[in-house]
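Subject: Structure handover and notes

Dear colleague,

Please find the structure below, passed on to you for your own work. After it come my notes on what turned up, grouped by topic.

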Amino acid sequence: MSILNDRGQAEQALQEATTRAWRNLRRLRDEASGRAWFFALVADRCRSVRPHAAAEPEAAPATDLQRALRALTADERLALYLRYYLELPLPEVAIVLGVSEKAARSRIHRAAQGLRGAIEVPEVLT
């Protein structure tokens, strides 16, 4: 949802990524990184769908936080979601995003700065 903003498309992308993961499970080299590997598959599938995704119509006026989140890029929203909602450690966030840990930290920080006006975001990243 953080990438596509469309529940139906997000569910379809998740289902397709799950099928892909099942078919490629034997390629998983390290079971410890399985969660990050799966999230990376889901994120890749969502990115491939994103250019065709339509914005979900709003039922109610957006809150300041919703407007601030919408102003972020899909990758910035994903970085925040992975780090703060799923509470993934930074190395796993980096794997899912397909970037270095330094780049993941930077993306999370940049996204958090974009939310500063709407909410209070912790300053320390570990």
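Is tyrosine 85 buried or exposed? Tyrosine 85 is exposed, with a relative accessible area of 60%; please bear in mind here and throughout that this is a predicted model.

Aromatic pairs

The count of aromatic pairs comes to 2. Tyrosine 81 and tyrosine 85 form a stacked pair, because their ring centres are 4.9 Å apart and their planes stand at 25°, where under 30 degrees counts as stacked. These two tyrosines are 4 residues apart in helix H4, which means that about one helical turn separates them. Tyrosine 81 is partly exposed, its relative accessible area being 35%.

Salt bridges

Searching the whole structure gives 6 salt bridges, among them the following. Glutamate 16 is bridged to arginine 45, with 2.3 Å between the closest N and O atoms; glutamate 16 belongs to helix H1 (residues 7-23) and arginine 45 to helix H2 (residues 34-49), so that the pair, 29 residues apart, links distant parts of the chain. Both ends are partly exposed, glutamate 16 at 29% relative accessibility and arginine 45 at 28%.

Arginine 47 forms a salt bridge with aspartate 75, the closest N and O atoms being 3.3 Å apart, and since arginine 47 lies in helix H2 and aspartate 75 in helix H4, the pair ties together parts that are 28 residues apart in sequence. A further salt bridge, at 3.2 Å from N to O, joins the side chains of glutamate 76 and arginine 110; with glutamate 76 in helix H4 and arginine 110 in helix H6 (residues 101-115), this pair ties together parts 34 residues apart in sequence. Glutamate 76 counts as buried at 11% relative accessibility, whereas arginine 110 is partly exposed, with a relative accessible area of 43%.

Backbone and a contact in space

Most residues other than glycine have a negative phi. Glutamate 87, although not a glycine, has a positive phi of about 55°; this residue is found in the loop between helix H4 (74-85) and helix H5 (90-97) and is exposed, at 62% relative accessibility. Finally, arginine 70, in helix H3 (residues 64-71), is 65 residues from asparagine 5 in sequence, while their C-alpha atoms are 9.2 Å apart in space.

Technical notes:
Residues numbered from 1 in each chain as written. Predicted model: local features only at pLDDT ≥ 70, side-chain atom pairs only at ≥ 80, totals over all residues. Heavy atoms only, no water. Buried < 20%, exposed > 50% of the residue type's maximum accessible area, 1.4 Å probe, protein only. Phe/Tyr/Trp six-rings, centres within 6.5 Å; stacked < 30°, edge-to-face > 60°. Salt bridge = Lys/Arg side-chain N within 4 Å of Asp/Glu carboxyl O.
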